[in-house]
Amino acid sequence: MDEKVPRSNIIETEIPMGTVHPAALEPYRVRFFVEDEIVQEAEITIGVNHRGIERIMEGLPVEKANALTEKICGICSNSHIWNSCRTAEMGLGIEIPERAKYIRVIMGELERLHSHFLYLAHGCEVLSHETFSMRIFYMREIVMELLAMVGGNRVQYGCSVLGGVRPRCDLDEAKLLRIKNDMDALEEGLTGFVERFLADSILLSRVTGIGVLPQKQAIELAVTGPTLRATGVARDLRTTMFEYDDFDFNVITQPDGDVKSNLIMRALESFESIKLIRQAIANIPEGKVINRDWEMFDTDITESYIEVPRGTLYHSYALESGRVRHCIIRTPSMANIGAMQYACIGDQITDAQLCIVQCDPCFTCTDRAIEIVRR
């Protein structure tokens, strides 16, 4: 008599997450379609937190419009106002003082450290490793205090203005020395974290091979920043930005495109930011920090691309009688979030939740309706 083969039941489940969820650091909604705890499909709805910054900027004096861009993202506010000022400066042909360029680089790399540490801390938190999470948050606090020292605020520092940086953001010898000493402390703490993280086999087993985004798909989906570099693509716009012409740094990549590669990617890239800040402190030129010797005139639409902590940030607008026209802003997360549904496929649902951290979302407010990102 033939033995009976046990009947296997495949359980199909839809698991909604968001718009507010402990694993979702921004307001958006994810629907996981699961078979026996394996994610087979993911659907992402974004645009639920919509203010229409581009429309609000329409017709504003350019200085006010630049300041408004800081409201787009609290984590990368400096990046937005830098690129918005940069757009007008390119259109108007404003020459930026060398000292101002160095201060902008210092602020940009401090913000990169702030963003990467936030990513690493939340990643460890989702992995239930509270000790690692708190250690990173402690290092991030050092960076936040430096940002507050330069800009006067922990968020929205208001450093960049047309023609350079605000005079109150200039760096005297005492501030430069404090930044230098804090970079030494950060390098020591980050080195200890990386060594312990890589030595933890249990932790690595939970992130290795999870949330894999293949390089081919990353390129097809126009993924950018560390998420792209974690698939092995050595693309970093800082290598083309004139502000970084005098600086030496390595473009960090990781090969596997999984959560482990994304975590290690940002940790190693943080060492490069520390190196860049040290170079800026050692070689910062004397002189003024703002150029007020320029005239306002009408310009055609000017585009500016810069590398921010999450990838390529795009700003463009024209000027008419000193007011902004036809503004478009595109944050890197608008590209990266679309790749999340691919990275989740085939993972256990418990681990797939960590893939949300991988995409590092930070949504721009846009007056274009963005409904559902589908495969």
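Guide: Three strands make up an open, antiparallel sheet, ordered β6-β7-β8. Strands here are DSSP runs (E, at least two residues), helices are runs of H or I with at least four residues, and both are numbered from the N terminus; two strands pair if DSSP finds at least two bridges between them. This is a predicted model, in which local features need pLDDT of at least 70 and side-chain atom pairs count only at pLDDT 80 or more, while totals for chains, interfaces and linings use all residues. Residues are numbered from 1 along each chain as its sequence is written, and side-chain values use heavy atoms, with hydrogens and water left out.

Visitor: How many bridges join β7 to β8?

Guide: Strand β7 covers residues 311-320 and runs antiparallel to β8. The two form a hairpin with two residues between them, and S321 in the turn has a positive phi of about 55°. Within this pairing, S316 has I328 of β8 as its bridge partner. The number of bridges joining β7 to β8 is six.

Visitor: Which residue in β7 stands opposite E307?

Guide: β6 and β7 form a hairpin with two residues between them. Their pairing is antiparallel and extends over eight bridges. Opposite E307 stands T312.

Visitor: How many residues of β7 are buried?

Guide: A residue is buried under 20% relative accessible area, exposed over 50%, and partly exposed in between (1.4 Å probe, protein chains only). β7 is mostly covered, and of its ten residues the buried ones number nine.

Visitor: Which residues does M183 contact beyond its neighbours within four places in sequence?

Guide: Contact means heavy atoms within 4.5 Å. With those neighbours left aside, M183 touches L110, L113, L146, I274, I277 and R278.

Visitor: Are E109 and R238 buried or exposed?

Guide: The two side chains meet in a salt bridge at 3.1 Å, N to O; the term requires a side-chain nitrogen of Lys or Arg within 4 Å of a carboxyl oxygen of Asp or Glu. The pair links distant parts of the chain, 129 residues apart, with E109 in helix α4 (residues 98-126) and R238 in the loop between α9 (226-229) and α10 (259-283). Because E109 has 0% relative accessibility and R238 has 2%, both count as buried.

Visitor: How far apart are the closest N and O atoms of K216 and E220?

Guide: K216 and E220 lie four residues apart in helix α8 (residues 215-220), so about one helical turn separates them. Both residues are exposed. They form a salt bridge whose closest N and O atoms are separated by 2.7 Å.

Visitor: How many salt bridges does the structure hold?

Guide: Some salt bridges share partners, and in this way E109, R112, R229, D236, R238, E269 and E307 are joined into one network. For the whole structure, the number of salt bridges is 21.
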